[in-house]
Amino acid sequence: MKLASLNDGTRDGKLVVVSKDLTRCCAAGYIAPTLQYALDNWDRVAPKLAALYTDVEHQTVPCERFHEREAMSPLPRAFQWADGSAYINHVELVRKARGAEMPESFYHDPLMYQGGSDGFLGPREDIPLGDEAWGCDMEGEIAVVTDDVPMGVSKEQAADHIKLVMLVNDVSLRGLIPDELAKGFGFFQAKPASAFSPVAVTPDELGDAWSGSLVHLPLMVDLNGQAFGRPNAGQDATFSLAQLVAHAARTRRLSAGTIIGSGTVSNRGPGGDPGKPVSEGGAGYSCIAEIRMIEAIGNGEASTPFLSPGDTVRIEMKDKEGHSIFGAIEQTVVGA
């Protein structure tokens, strides 16, 4: 099933069930007023939401037109948002960009940081940028939402706790990252509010594209109307999303509504190289930092600028028939 939170003037929005083709929706408030409520009571609530989804598909209940621009992030705020590092190619490139070595442990022990979750941007909400020198970058990712996860779960057990899948634009301020990490205490100011896709879907909605706790479909990232990245989210993943959930739960329980991100989706080239831009026949990139690193390696300096006011980013994923699955994140950078 597909779920969304519409902007009704409240912080957490109004939960609706959305049709498979993203054209219609039906209010689900009599079942669960918010998505967080649904996750808190998933075993009891999910079957009722699934029944409503069937009714929406069969058009046997009153529906209204679903407009993606009216959707908030499915969880407009969350108890926890932690982002991982499933795609090591990305980690290698961005660490090279700031002159950092790649420890061997990164290949078997995922990176993960805890981001701000008290308020997310809507999927069509502007990205505020206080200073262009901060180096604003998009990061196209996959995220999963869990129910209550016990401490110490295995990756197999963790897979059963994944209840929803979304897309993410994990906005990063590259110019602030080196100084923050040099303090030895992790990201804070370099990671402003992220945005999630208009719709969250249950894993079964993805069919055979959901395999091994990964989504085996291309992630479509556009910059100013031009194709920037088409990496396949099921390829070149060192860690699955279930492994990242298990990693997060190693020493603590995860509360229902926890969001775990994949990290920037990144594919290697056919020969194991960092890959080529879409314009040169490659899979491209899900963030600007990667292409800047490749430019620096090939030309001695980076030439692609980071985001500036007026730039627009679009992140979407389509099924094998070409239909949008999650709706699109489409955001314009504006001066704060």
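This is a predicted model: local features need pLDDT of at least 70, side-chain atom pairs count only at pLDDT 80 or more; totals for chains, interfaces and linings use all residues.
Q: Let's start with the whole chain. How many helices and strands does the protein chain have?
A: The protein chain has seven helices and 21 strands. Its radius of gyration is 19 Å, close to the 20 Å that the globule rule gives for 336 residues, so the chain is as compact as a globular protein of that length.

Q: What share of the residues counts as buried, and what do the contacts say about sequence separation?
A: Buried residues make up 54% of the 336. As for contacts between residues at least 6 apart in sequence, 72% of them join residues at least 24 apart.

Q: How do I read a nonpolar core, and which residues touch the most other members of the largest one?
A: The general idea first: in soluble globular proteins, nonpolar side chains tend to be buried together. Here, the largest nonpolar core has 68 residues, and Phe-66, Ile-142, Val-165, Leu-206 and Met-317 touch the most other members. Helix α6 gives this core its largest share, six residues. Another core, of 32 residues, lies apart from it and includes Leu-3, Val-45, Ala-46 and Leu-49.

Q: Now the strands. In which sense do β8 and β21 pair, parallel or antiparallel?
A: Strand β8 (residues 127-129) pairs with strand β21 (residues 329-335) in the parallel sense, over three bridges. To find your place, look for Pro-128, which stands opposite Val-334 in β21.

Q: And how many bridges join β20 to β21?
A: Four bridges join β20 (residues 312-316) to β21, and these two strands run antiparallel. Thr-312 has Thr-332 as its bridge partner in β21.

Q: How should I look for disulfides, and what is the count?
A: A disulfide is a covalent bond between the sulfur atoms of two cysteines. The test used here is two cysteine sulfurs within 2.5 Å, and the count comes to zero. Take Cys-25: the nearest cysteine sulfur, that of Cys-63, is 7.2 Å away, and Cys-25 is in no disulfide.

Q: What about loops? Where is Leu-22, and what does it touch?
A: Leu-22 lies in the loop between β2 (14-18) and β3 (24-27). At 7% relative accessibility, Leu-22 counts as buried, because the cut-off is under 20%. Leaving out residues up to four places away in sequence, Leu-22 touches Lys-2, Phe-66, Glu-68, Val-199, Ser-324, Ile-325, Phe-326 and Gly-327. Leu-22 and Phe-326 are 304 residues apart in sequence, yet their C-alpha atoms are 8.2 Å apart in space.

Terms used
Residues are numbered from 1 along each chain as its sequence is written. Side-chain values use heavy atoms; hydrogens and water are left out. Buried means under 20% relative accessible area, exposed over 50%, partly exposed in between (1.4 Å probe, protein chains only). Contact means heavy atoms within 4.5 Å. Two strands pair if DSSP finds at least two bridges between them. The radius of gyration is taken over C-alpha atoms; the globule rule is 2.2 Å times the number of residues to the power 0.38. A nonpolar core is a set of buried Ala, Val, Leu, Ile, Met, Phe, Trp, Tyr and Cys residues joined through side-chain atoms within 4.5 Å.
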